[in-house]
Amino acid sequence: MGRSIILASASPRRRELMQVFGLPYRVIVPATDELDDERMPPRRLVRHNASIKADAIARGRRRGVIIAADTAVARDDRCFGEDCV
């Protein structure tokens with residue numbers, strides 16, 4: 001059997017994407033607190049949040065591929081919506 005894929009997300013859209021690509025995966029939702037800092041540039045913020053999600057799932061695991069992501073709506077380094085208070 002090949003490497004297992006772990007989707008570190010509760011997002012229905014991300015699950016849908018995995019199914020569209022026909023990738024076998026399992027979902028493990030990380031128990032993390034995402035950073036919500038309006039002073040941080042949006043790209044840095046989503047990279048940080050995706051990284052803490054992946055790190056939380058990776059702890060104690062030796063195998064597998066972890067897919068973690070975060071989303072923010074931004075324009076010209078300004079966030080909009082509830083993800084960017």
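Predicted model: local features only at pLDDT ≥ 70, side-chain atom pairs only at ≥ 80, totals over all residues.
Residues are numbered from 1 along each chain as its sequence is written, and side-chain values use heavy atoms, with hydrogens and water left out. The structure holds three salt bridges, a salt bridge being a side-chain nitrogen of Lys or Arg within 4 Å of a carboxyl oxygen of Asp or Glu.

**Helix 1 and its start**

- Ser 11 caps the N-terminal end of helix 1, with a side-chain oxygen placed 3.3 Å from the backbone nitrogen of Arg 13.
- Arg 13 also joins its side chain to that of Glu 16 in a salt bridge with an N to O distance of 3.0 Å, and both residues lie in helix 1, three residues apart, or about one turn of the helix.
- An α-helix has 3.6 residues a turn, so residues three or four places apart point the same way.
- Arg 13 is partly exposed at a relative accessible area of 47%, and Glu 16 is likewise partly exposed at 40% (buried means under 20% relative accessible area, exposed over 50%, and partly exposed in between, with a 1.4 Å probe and protein chains only).

**The nonpolar patch**

- Leu 17, Val 20, Phe 21 and Leu 23 make a nonpolar surface patch of about 390 Å², with accessible areas taken from the Shrake-Rupley method.
- Patch residues have over 30% relative accessible area and no salt bridge, with nonpolar side chains (Val, Leu, Ile, Met, Phe, Trp, Tyr) joined within 5 Å and like charges within 9 Å.

**The network around Lys 53**

- Glu 34, Lys 53 and Asp 70 are linked in a network of salt bridges.
- In the pair of Glu 34 and Lys 53, the closest N and O atoms are 3.0 Å apart.
- Because Glu 34 lies in the loop between strand 2 (26-27) and helix 2 (42-58) and Lys 53 lies in helix 2, this pair ties together parts that are 19 residues apart in sequence; a strand is a DSSP run of E of at least two residues.
- The side chains of Lys 53 and Asp 70 meet at 3.5 Å, N to O, and this pair links helix 2 to the loop between strand 3 (65-67) and strand 4 (73-75), 17 residues apart.
- Lys 53 is buried at 9% relative accessible area and Asp 70 is buried too, whereas Glu 34 is partly exposed at 41%.

Note on methods. Areas by Shrake-Rupley, 256 points an atom, 1.4 Å probe, with all protein chains shown as cover. Polar contact = N/O pair within 3.5 Å; in protein donor to acceptor, adjacent residues only side chain to side chain. Helix = DSSP H or I, 4+ residues; strand = E, 2+ residues; numbered from the N terminus.
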